[in-house]
Amino acid sequence: RIGTNHGSLSDRILSRYGDTALGMVESALEFLRICRMENYHDIVLSMKSSNPIVMVDAYRLLVHKMNAEGMNYPLHLGVTEAGEGEDGRIKSSIGIGTLLEDGLGDTIRVSLTEEPEFEIPVAKTLVDRYQDRVIHEKIPNTSSININPFKYAKRVSFKVLNFGYDNVPRVISDLSLINNINHKTLNQLGYRYYVDDDKWGISDLACDYIYIANNHINFEIPGTLGVIQNYNTWIKEKKERHYPLLKLKEFLSDKKLDSVLNFLCIKISDLNKQVLTKLKSKPNIVLLIDTCNSHGMAEQRQIFFNLIKSGCNNPVVIRRFYSNLSSDTLQIYSATDIGALFVDGLGDGLFISSKKSGTLEEVNCASFGILQASRTRISKTEYISCPSCGRTLFDLQETTALIRSKTQHLKGLKIGVMGCIVNGPGEMADADYGYVGTGVGKISLYKKHDVIKKDVPMDQADEELINLIKDNGDWVDP
């Protein structure tokens, strides 16, 4: 295996290419060319990063460079130091799944800060989706892809209320199957109602909109929340912060619209010249793209290509529907299907509809997890932590849980928890702070690439990490 890691590039490569996907690829190609000169071809290539966007860019660029030089070696896919639990599964699925969706990858490794036997079911869930993927509804060919697949750039869109332009992607929760929507319903979506004060508390994981179809809200909703209703119900009520969802026929028949925000549900077959022309004259329309294709990511990406090619800059919400899945499987599927589009800068919101596939709270958390892992909306602390191995100098799961319990309120920080000095400093290169085992009962603390404190006794290391964060002005009280 010839493998390069985002955080372990040589000084020579860094000085020429920087800490980039191109640097990773060129580092691997140096060794690959030597092997080819020696007529040695039993090779598999690996481009590892804890950042799924860098990881995807590197593998794509590697394939592009190999094609240019007449090479076609197999790829081993993995997101390194993905972490634990939901975050680790989502981050792994976005990185690995995005490449599998495009037919790239021959072997995979899911790296979780959990017992090793929990990694394999995630890997199998990822790859088993492609057993019959060749059988899917035909997707129209495209003459150009309209994006740079090797470097992240957000699709240009104009602003409609809090969608598009420079806004973070918005999260829509589906309550269409709930008849009695009440305060407790919203408690599962990042809100908390305080009865004594008659006020709402709003967390960083509070969804932005709820879709209630033809249902009704009979209480005062939080001030940051919007409500989406089917058009025929909306036009009868026209309540404050309620917005209509239109079908294509309703849109084309010139129905009366909300002056600020309207949603139009479309599929790829709807995007003809008439629709695109009318959309350009409607600055208050957010598109909600849907798909029933078993290769839905590719079909929805084609919708984006068509919009870009036609110069249609309306904001776009990506919707996917899942049924009869476990919460773990829902995380993996949705992270692959929707996260792959966000990796390419496509999407101004996401809308996961589910039936018998996790609770409202689990679906909402998965939505924010996808945005966090794709680095498009930061709502919590990110942890970069390695899987267990023979070199680990402490209990990774126990220590990661301890560090998380004391720092999980530090929204936006990236903290590395690494078991040993061999891989730790390099593989947590994307982290703001690092906690690295350097000997039995000894921890070294890092600020980015720099060692700040060496050989800190382990029973003091968590408090010393907090002090380091405070010293650099990144601490806030819980």
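Axes are here lines fitted to C-alpha atoms, taken for helices over the stretch in contact. In the present model, which is predicted, the axes of helix 13, spanning residues 396–407, and helix 15, spanning residues 458–471, come within 11 Å and cross at roughly 35°. The crossing of these two helices is right-handed. On the side of helix 13, the residues that take part in the contact are T399, L402, I403, K406 and T407, and they meet M458, D462, E463, L465, I466 and I469 of helix 15. Sorted by class, the contact of helix 13 with helix 15 comprises 6 nonpolar, 2 polar and 3 charged residues.

The cysteines were examined next. A disulfide is a covalent bond between the sulfur atoms of two cysteines, and a search of the whole structure finds 0 disulfides. For C265, the closest cysteine sulfur is that of C292, and because the two sulfur atoms lie 9.4 Å apart, they are too far from each other for a bond, the cut-off for a disulfide being 2.5 Å. C265 itself counts as partly exposed, with a relative accessibility of 23%. C365 is likewise in no disulfide, the nearest cysteine sulfur, which belongs to C207, being 11 Å away.

A further residue considered is H64, which is found in helix 3, a helix that covers residues 52–68. With a relative accessible area of 43%, H64 is partly exposed, since this class lies between the limit of 20% for buried residues and that of 50% for exposed ones. Along the chain H64 and F150 are 86 residues apart, whereas in the model their C-alpha atoms are separated by 9.4 Å.

Terms used:
Residues are numbered from 1 along each chain as its sequence is written. This is a predicted model: local features need pLDDT of at least 70, side-chain atom pairs count only at pLDDT 80 or more; totals for chains, interfaces and linings use all residues. Side-chain values use heavy atoms; hydrogens and water are left out. Axes are lines fitted to C-alpha atoms, for helices over the stretch in contact, and angles run from 0 to 180 degrees between N-to-C directions. Helices (H or I, at least four residues) and strands (E, at least two) are DSSP runs, numbered from the N terminus. A crossing is left-handed if the near helix is turned anticlockwise from the far one by less than a right angle, and right-handed if clockwise. Contact means heavy atoms within 4.5 Å. Ala, Val, Leu, Ile, Met, Phe, Trp, Tyr, Cys and Pro count as nonpolar, Asp, Glu, Lys and Arg as charged, and the others, Gly among them, as polar. Buried means under 20% relative accessible area, exposed over 50%, partly exposed in between (1.4 Å probe, protein chains only).
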